[in-house]
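Please report on the metal site, the core and the pockets of this model.

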Amino acid sequence: MPGQLGYDDTPFLPGGKWRVHDGNRPQPPVVTPADVPGGPPSDAVVLFDGTSLDGWISVGGGPAGWKLENGYMEVVPGAGDIQTVEEFGDAQIHIELCEPEVVKGEGQGRGNSGVFLMGRYEIQVLDCYNNPTYPDGTSAAIYGQYPPLVNACRPPGQWSTYDIIWETPRWHDGLLIKPAYVTVLFNGIVVHNHRRLLGYTSHRVLTEYVEHPPVGPLRLQDHGDLVRYRNIWYRPLVGYDED
Ligand code: MG
């Protein structure tokens with residue numbers, strides 16, 4: 001039959017909507033990959049391209065007070081955490097970061113920053129190159145909950161990547177019906193595989209879930225260290241849990 005892409009005499013897949021090799025099933029939308037690895041694909045929302053801090057605000061109110069130079073932003077100690085004006089839910093997120101070349105401090109005091117998903121759930125940023133600390137607080141840890149599967153830190157002064165797949169928690173009538181899940185690749189290496197979060201991020205306590213809106217900002221932490229960030233983008237993650 002002209003235009004027939006698949007089969008209409010094959011068994012139905014679970015759910016009864018589509019057959020095996022069903023030609024009428026919607027085609028995956030076309031997304032053009034970036035020219036270079038790590039670059040934003042055609043459907044990405046660029047949160048930071050190295051040219052402007054527009055789109056970022058201080059968590060404490062007012063403009064984002066971090067330094068912008070040479071295509072990256074750098075923490076200004078005391079300026080406070082910053083976050084995107086943009087708010088989003090389930091997403092694939094790409095972030096590049098660089099720990100200070102001048103090594104200073106130890107443990108949690110060396111190159112500490114953080115990526116807070118929805119402003120609440122921290123993927124730790126730390127210089128963990130030859131810098132032991134408590135494992136659920138090392139680089140790429142889900143802070144206070146899960147150490148990364150491996151320590152994939154590069155030496156300080158080199159750029160690293162976080163690629164994060166984020167599934168928001170969901171509530172219905174005030175009840176948590178789905179916890180948050182996160183997958184993280186640190187420098188291309190899986191360090192969390194669909195990890196179920198226990199709750200929001202805190203310090204020295206066991207956390208829990210507190211209901212919040214279905215979208216939230218991406219927040220970067222000022223922990224007093226000169227950590228740099230560049231090339232930050234996300235893609236809304238849709239359709240992954242549909243039949
Ligand atoms: Mg931190």
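The report below covers the model basis, the metal site, the core and the pockets.

## Basis

This is a predicted model: local features need pLDDT of at least 70, side-chain atom pairs count only at pLDDT 80 or more, and totals for chains, interfaces and linings use all residues. Residues are numbered from 1 along each chain as its sequence is written, and side-chain values use heavy atoms, without hydrogens or water.

## Magnesium site

Asn-112 (OD1), Ser-113 (O), Glu-122 (OE), Gln-124 (OE1) and Gln-221 (OE1) coordinate the magnesium ion at 2.2 to 2.4 Å. Donors are N, O and S atoms within 2.8 Å of the metal (3.2 Å for Na, K and Ca); water is not among the atoms, so sites may look incomplete. Along the chain, the donor spacing reads N-S-x8-E-x1-Q-x96-Q.

Asn-112 counts as buried because its relative accessibility is 2%. Ser-113 counts as buried at 0%. Buried means under 20% relative accessible area, exposed over 50%, partly exposed in between (1.4 Å probe, protein chains only).

## Nonpolar core

The largest nonpolar core has 43 residues, and Trp-56, Val-115, Ile-164 and Tyr-229 touch the most other members. Such a core is a set of buried Ala, Val, Leu, Ile, Met, Phe, Trp, Tyr and Cys residues joined through side-chain atoms within 4.5 Å.

## Pocket linings

The lining of the largest pocket divides into 4 nonpolar, 3 polar and 8 charged residues. The second largest pocket is lined by 9 nonpolar, 3 polar and 2 charged residues. Ala, Val, Leu, Ile, Met, Phe, Trp, Tyr, Cys and Pro count as nonpolar, Asp, Glu, Lys and Arg as charged, and the others, Gly among them, as polar. A pocket is an open set of points on a 1 Å grid over the protein atoms alone, where a 1.4 Å probe fits, with protein on both sides within 12 Å along at least five of seven lines; lining residues have an atom within 4 Å of a point.
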